[in-house]
Amino acid sequence: MHEVLRVIEERVRSGSRPGHRNDPYRVALSIEGGGMRGTVSAGMALALHELGLVSAFDAVYGSSAGAITGAWLLSAEPEKLLGWADPDYARTLIRWSSLLRGRPVVDVRALIEEVYQTEFPMDFASVLASPVEYHPLGTDAESGESTDLRPLIADPAELRLALRASASLPFLAGPAVELRGRRFFDAGIAESIPFRTPLDQDATHILILRSRRPLALDGSPSAPAGPARSTGTASDRRRSTASASAGWKRSAGWTRSSVSANPTGSASSTNSTGSTGSTESTRSAESTRSAGWKRSAGWRRSAGSTRSADSTGSADSTRATGSAKSAGPTGSGALNGAQVPRPPRSIRLLARTTLRRESLALRTALLTRPARTAADVARIIAMEAEGKALMIFPPPSVPPVSRLTTDPRLIGAALESGRQATRDLLDS
């Protein structure tokens with residue numbers, strides 16, 4: 001049994017409760033988002049509730065849709081995580097017709113401020129009162145840094161603002177959300193996998209619920225050993241990570257990819273194959289996967305729709321792109337001495353247009369996101385080998401849900417796939 005699971009099992013067996021532990025550990029649950037891909041990690045979180053494991057955690061961290069899932073998990077009614085699979089949920093959140101009215105496609109405000117208070121109410125007070133700490137993350141619009149929003153939340157109204165801020169995608173979800181005089185965008189810009197923040201806050205063990213699959217050596221979706229684990233052993237995955245650095249060489253494939261989209265926003269893409277690239281292990285296959293939201297049909301449309309935007313600020317955007325080439329995961333140079341590739345065209349275009357009036361630091365954070373995510377994944381893999389972290393992935397059969405999918409059959413199947421993958425792993 002993996003050490004993370006052993007600690008959780010021992011806490012459940014002994015009846016340990018948050019704030020009254022009989023061990024020296026700080027165990028965190030990390031929930032990845034990704035728009036409607038967050039349905040997968042929501043299913044995983046639901047399984048943790050059904051198995052009675054939530055009280056074994058000291059804190060829950062969430063990015064973007066993962067922050068919404070975390071709130072439901074710690075609320076008085078965690079079974080309402082099933083709401084992710086409700087067709088009305090997706091239709092409320094994603095409205096393509098809004099483009100015709102000049103409004104955001106992803107209406108996070110309506111979801112949080114209206115649906116979650118009327119049709120499908122969330123007990124926000126119960127989230128704040130939970131003995132398990134709740135930490136939604138956001139990206140500071142001024143500094144471009146990942147920010148723990150917990151210290152900025154004192155009441156249900158501020159909690160709702162924090163949920164909106166964590167999932168405020170540039171362009172797709174409209175402008176930044178203001179909370180206590182500070183502006184925030186989607187947490188995925190700075191910390192798509194909420195891992196660095198719990199680590200910085202002294203987490204000794206982290207269980208990470210991933211909403212997307214890892215990649216195999218050839219860049220295709222891999223089949224993890226076991227129902228929900230990453231590819232093979234930790235050493236196997238480090239070899240996979242090194243080989244998959246060729247994905248950086250295939251970065252041009254991100255912009256040459258063949259995208260097939262339907263009106264619901266679901267999409268599939270076929271990347272062009274590239275030659276063997278660098279052997280730098282930290283450039284994992286996740287660098288390519290982390291661009292999934294950029295490759296989604298909606299993102300392509302969004303990028304296209306900004307072509308006629310005012311070109312002012314392009315000089316600053318060029319500087320941001322230049323910074324991205326030289327900035328590593330923490331903005332301190334290349335990744336272990338290797339050069340960070342040029343970001344995809346859609347992201348560069350977004351930095352020049354929609355975000356042209358935002359800070360250089362924010363645009364740089366967006367442009368360096370793939371490198372930062374790759375470094376995070378490499379670090380998580382190393383910590384898995386040490387027994388300090390564990391990722392749960394969706395199974396190979398997970399349906400092709402994109403950030404903007406609204407097909408109820410796909411969404412329902414995605415939630416169930418995450419739910420079953422977690423049960424299979426924890427019941428084994």
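In this predicted model, strand 10 (residues 389-392) directs Ala-389 and Met-391 one way and Leu-390 and Ile-392 the other way, and all of these residues are buried. Such an arrangement follows the general rule that in a regular strand the side chains alternate between the two faces of the sheet. Strand 7 (residues 205-209) runs parallel to strand 10 and is joined to it by four bridges, with Ile-208 standing opposite Met-391.

Leu-207, together with Tyr-116, has the most contacts inside the largest nonpolar core, which comprises 67 residues; helix 3 (residues 65-74) gives the most to this core, with seven residues. Apart from it lies another core, of 18 residues, whose members include Met-391, Ala-59, Tyr-61 and Phe-393. When residues up to four places away in sequence are not counted, Leu-207 touches, among others, Leu-390 and Ile-392, as well as Val-4, Ile-8 and Phe-57.

Ser-63 belongs to strand 2 (residues 59-63). Because its relative accessibility is 1%, under the 20% cut-off, Ser-63 counts as buried. Its contacts, leaving aside neighbours within four places in sequence, include Ile-31, Glu-32, Gly-33, Leu-137 and Pro-194, and Ser-166, Ala-187, Glu-191 and Ser-192 are also in contact with Ser-63.

| Strand | Residues | Residue named in the text |
|---|---|---|
| Strand 2 | 59-63 | Ser-63 |
| Strand 7 | 205-209 | Ile-208 |
| Strand 10 | 389-392 | Met-391 |

Note on methods
Residues numbered from 1 in each chain as written. Predicted model: local features only at pLDDT ≥ 70, side-chain atom pairs only at ≥ 80, totals over all residues. Heavy atoms only, no water. Core = buried A, V, L, I, M, F, W, Y, C linked by side-chain atoms within 4.5 Å. Buried < 20%, exposed > 50% of the residue type's maximum accessible area, 1.4 Å probe, protein only. Helix = DSSP H or I, 4+ residues; strand = E, 2+ residues; numbered from the N terminus. Contact = heavy atoms within 4.5 Å. Pairing = 2+ DSSP bridges.
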